[in-house]
Amino acid sequence: MQYISTRGKAPALSFEDTMLTGLARDGGLYLPETIPTLAPDEIAALAGVTYEEIALRVMRPFVGDAFPDPEFRAIIARAYRGFDHPARAPLKQLGPNHFLLELFHGPTLAFKDFAMQLIGQLFQAALQRRGERVTIVGATSGDTGSAAIEAFRGLDNVDVFILFPEGRVSEVQRRQMTTPAEDNVHAIALKGDFDDCQAAVKDLFADFDFRDEVRLAAVNSINWARVLAQVVYYFSSAVSLGAPHRDVSFTVPTGNFGDIFAGFIAKQMGLPVADLVIATNQNDILHRTLVSGDHVKQGVTPSISPSMDIQVSSNFERALYYAYGRDSHAVAHEMQALKSEGGFTVSQGALDFLRDTFRSGRASEAETTATIRGVHAATGETLCPHSAVGVKVAEESLGAAPMITLATAHPAKFPDAVEAATGARPPLPNRMADLYDRPERVTPVDNDLSALQTLIRERIAP
Ligand SMILES: *Cc1c(COP(=O)(O)O)cnc(C)c1O
């Protein structure tokens with residue numbers, strides 16, 4: 001299986017090189033040259049098997065011969081052994097025909113663990129075989145950074161540097177990044193906001209000499225291996241509810257479009273998906289795009305669902321690639337307009353494709369809080385604010401097919417918003433009850449490229 005860039009000007013790569021590279025050098029995102037499919041009887045055969053076995057069967061055609069089955073099986077087993085639920089991604093019923101897919105049973109209590117834990121093990125296996133080391137650098141508004149640190153801590157062939165905006169992540173998120181004691185973990189508090197962190201990471205990657213010198217690698221949500229890992233739970237949940245013999249729908253709280261794009265891939269692979277619903281908070285560029293056809297940046301307004309506070313939704317470029325009939329020239333052109341003019345108008349053909357493929361909705365802050373309160377009162381289930389955005393939009397989108405809403409984080413990760421809605425502070429799971437007592441280790445850094453480069457060089461020096 002070969003991978004090609006959405007912008008058409010970077011070399012095609014194998015699965016392993018795509019994963020180790022992250023972003024293509026032409027600024028595009030990698031996609032498989034063709035999307036493999038599973039036949040209905042192969043999907044039916046996923047019923048009743050473990051999550052790990054489903055993961056193997058769903059991901060294997062994309063991985064090709066990069067990892068032989070026995071090795072891949074062992075990697076998957078290591079990736080998910082730290083989850084505290086035997087189903088890994090259990091389903092709960094919220095109401096008639098409406099189900100919640102709990103994706104927060106991993107080590108950092110958010111769905112990003114599904115991809116990051118796997119990618120940590122895949123990196124380690126590939127790098128050990130090659131006898132190489134890499135330096136992972138990432139920016140985070142909270143959840144990605146803690147998931148990355150948790151996945152790479154203590155691995156021999158990797159240093160991991162995570163930049164977060166000083167003072168702008170929740171205390172749980174910060175402590176998850178600053179309390180791991182392993183030497184290869186470096187939590188960096190950047191003096192700036194999340195956009196400054198992302199820009200700093202982009203600048204590090206754009207300095208090709210530095211990039212090659214320290215062997216930079218990216219594991220942000222544009223890494224193809226992360227998208228792939230997320231395809232698995234679309235299959236596991238749909239099969240639990242009767243696929244392929246009946247259709248199911250999904251509603252996905254969306255920011256960078258990685259999670260919902262995984263749902264799009266699942267559908268392309270042959271999973272019978274009726275509706276794929278994009279749920280945004282008040283930062284609703286994706287919803288506005290589907291309604292109006294204009295993909296235009298507005299400023300980010302901080303919300304109680306901070307992991308969805310974005311104005312540039314990176315993985316949307318992958319959907320655009322298909323919407324524009326795989327015309328990489330057109331994609332490159334639109335992305336250039338997004339960068340230089342702050343937006344573009346989606347062509348009529350591409351807009352028709354997007355509207356056929358996705359539905360969308362948004363939840364205001366008040367609606368999000370009301371949903372947390374209402375679901376808690378009606379069912380006893382406590383939603384995190386991101387999941388509540390999903391549930392609110394899903395409730396407007398219920399149809400004949402069962403609706404599965406993705407619950408992307410544990411409520412205890414966002415205790416203030418949850419307490420404001422329900423009056424009760426959600427407790428952390430027992431296994432991390434001592435998080436507030438563990439010592440923290442963090443390096444404050446100015447928003448300055450050369451200061452960052454110096455720090456990274458010093459820390460990775462043998
Ligand atoms: C990252 C994140 C999202 C958004 O996911 P995308 O793949 O960026 O669309 C939603 N909820 C939570 C809790 C997250 O951490």
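1. Helices here are DSSP runs of H or I with at least four residues, strands are runs of E with at least two, and both are numbered from the N terminus. The model is predicted: local features need pLDDT of at least 70, side-chain atom pairs count only at pLDDT 80 or more, and totals for chains, interfaces and linings use all residues. Residues are numbered from 1 along each chain as its sequence is written, and side-chain values use heavy atoms, with hydrogens and water left out.

2. Helix H12 covers residues 285-292; six of its eight residues are buried, so the rest of the structure largely encloses it. Buried means under 20% relative accessible area, exposed over 50%, and partly exposed in between (1.4 Å probe, protein chains only). The buried residues of H12 are Ile 285, Leu 286, His 287, Arg 288, Thr 289 and Leu 290. Their cover includes strands S10 (273-280), S11 (294-296) and S13 (359-362), along with helices H13 (316-323) and H15 (348-357).

3. UniProt, in an unreviewed entry, lists residues 92-331 as "domain: Tryptophan synthase beta chain-like PALP". Its positions are given in the numbering used here, feature names are shortened, and annotations may be inferred rather than shown by experiment. The span is 43% helix and 20% strand, and its end C-alpha atoms lie 39 Å apart.

4. The chain has 19 helices and 15 strands. Its radius of gyration is 21 Å, close to the 23 Å that the globule rule gives for 462 residues, so the chain is as compact as a globular protein of that length. The radius is taken over C-alpha atoms, and the rule is 2.2 Å times the number of residues to the power 0.38. Buried residues make up 59% of the 462.

5. By the rule of a Lys or Arg side-chain nitrogen within 4 Å of an Asp or Glu carboxyl oxygen, there are 33 salt bridges. One network links Glu 16, Asp 17, Glu 71, Arg 129, Arg 130, Glu 132 and Arg 215. Within this group, Glu 132 and Arg 130 meet at 3.8 Å, N to O; Glu 132 is partly exposed at 24% relative accessibility, as is Arg 130 at 33%.

6. Arg 425 and Asp 416 form a salt bridge at 3.0 Å, N to O. Arg 425 is partly exposed at 44% relative accessibility, whereas Asp 416 is exposed at 56%.

7. The structure holds zero disulfides, a disulfide being a pair of cysteine sulfur atoms within 2.5 Å. Cys 197 is buried at 0% relative accessible area, and Cys 384 is buried at 1%.

Notes:
Contact means heavy atoms within 4.5 Å.
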